[in-house]
Amino acid sequence: MIAGFILLILTIYPIDAVTLRLPKQEYKQIAAIRISQGQEVIIAYRHSVERTRVKGSFTIGPGPALYAHETRMTSVGTGLPNSSPERTRRDGEWIVVDEGLKKLEDGLRFYLSPVNRTRLIVAGQHINLDKIKAGSILLVDVEKISLMRWLLWRIAATSWPAEIDRD
């Protein structure tokens, strides 16, 4: 009786998780990190053409969803975010563009290249991207899942299917 009640709670209790998936491989799940609203997701890389450092900062907000907070770069140039004077400021060596907490409806997709030395940090945890094949497209998104799914992922690396097909 108690075991059944605990199982029921685990199955229906919702949590938010940032997931990393491979859209070109049937949304294969690579990572899942439990997260709360207000926590941060950072993608940092070296721009392949300009060789400048770039750091995108995102916040977990209602939905749950990713909201673009700011983009930092050490210079501007080809392929880098266009900055608007009213949304741009200097912070030491960084040029900082305020992204206005724009909601990313379809998560964040990016191309993985060793040239860029990409780093992904979710709620302070560094996600190891070394084992992912270069040239892969990655999708970072926030999913509402049951605590049971989360525990199965943590204990046995049992993934769950992506809720929405975004091809």
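Start with the open sheet: four strands in the order 2-1-11-8, with antiparallel pairing. Its edges are strand 2 (28–35) and strand 8 (108–111), each of which pairs on one side only. Neighbouring strands here are turned by 30° against each other on average, if you ignore direction. One thing to keep in mind as you go: this is a predicted model.

Next, select strand 1 (residues 14–22) together with strand 2. The two pair in the antiparallel sense over seven bridges. For a landmark on this pairing, click T19, which stands opposite A32 in strand 2.

Now for the tryptophans. The structure holds one aromatic pair, and to see it you select W153 and W160. The ring centres are 6.4 Å apart and the planes sit at 75°, so this pair is edge-to-face. Is W153 buried or exposed? W153 counts as buried because its relative accessibility is 15%, and the cut-off for buried is under 20%. W160 is buried too, with a relative accessible area of 4%.

Move on to E40, which lies in strand 3 (residues 40–46). Show the side chains around it: leaving out residues up to four places away in sequence, E40 touches S57, F58, I121, V122 and A123. E40 counts as partly exposed, given its 38% relative accessibility.

Select G63 and P64 and look at the peptide bond between them: going from G63 to P64, the bond is cis, with omega near -5°. P64 lies in the loop between strand 4 (53–61) and strand 5 (65–73).

Then hop to E26, in the loop between strand 1 and strand 2. What is the phi of E26 near? Phi is near 55°, a positive value in a residue other than glycine. E26 is exposed, with a relative accessible area of 76%.

R117 gives you another stop of this kind: phi is near 50°, again positive in a residue other than glycine. You'll find R117 in the loop between strand 8 and strand 9. At 53% relative accessibility, R117 counts as exposed.

Last stop: colour the model by pLDDT. The protein has a mean of 88, and 91% of its residues reach 70 or more. Among the elements, strand 9 (residues 119–122) has the highest mean pLDDT, at 96. At the other end is helix 1 (residues 2–12), with the lowest mean, 76.

How values were computed: Residues are numbered from 1 along each chain as its sequence is written. This is a predicted model: local features need pLDDT of at least 70, side-chain atom pairs count only at pLDDT 80 or more; totals for chains, interfaces and linings use all residues. Side-chain values use heavy atoms; hydrogens and water are left out. Buried means under 20% relative accessible area, exposed over 50%, partly exposed in between (1.4 Å probe, protein chains only). Contact means heavy atoms within 4.5 Å. pLDDT is the predictor's confidence in each residue, from 0 to 100. Two strands pair if DSSP finds at least two bridges between them. Axes are lines fitted to C-alpha atoms, for helices over the stretch in contact, and angles run from 0 to 180 degrees between N-to-C directions. Rings of Phe, Tyr and Trp (its six-membered ring) pair if their centres lie within 6.5 Å; planes under 30 degrees apart count as stacked, over 60 as edge-to-face and the rest as tilted.
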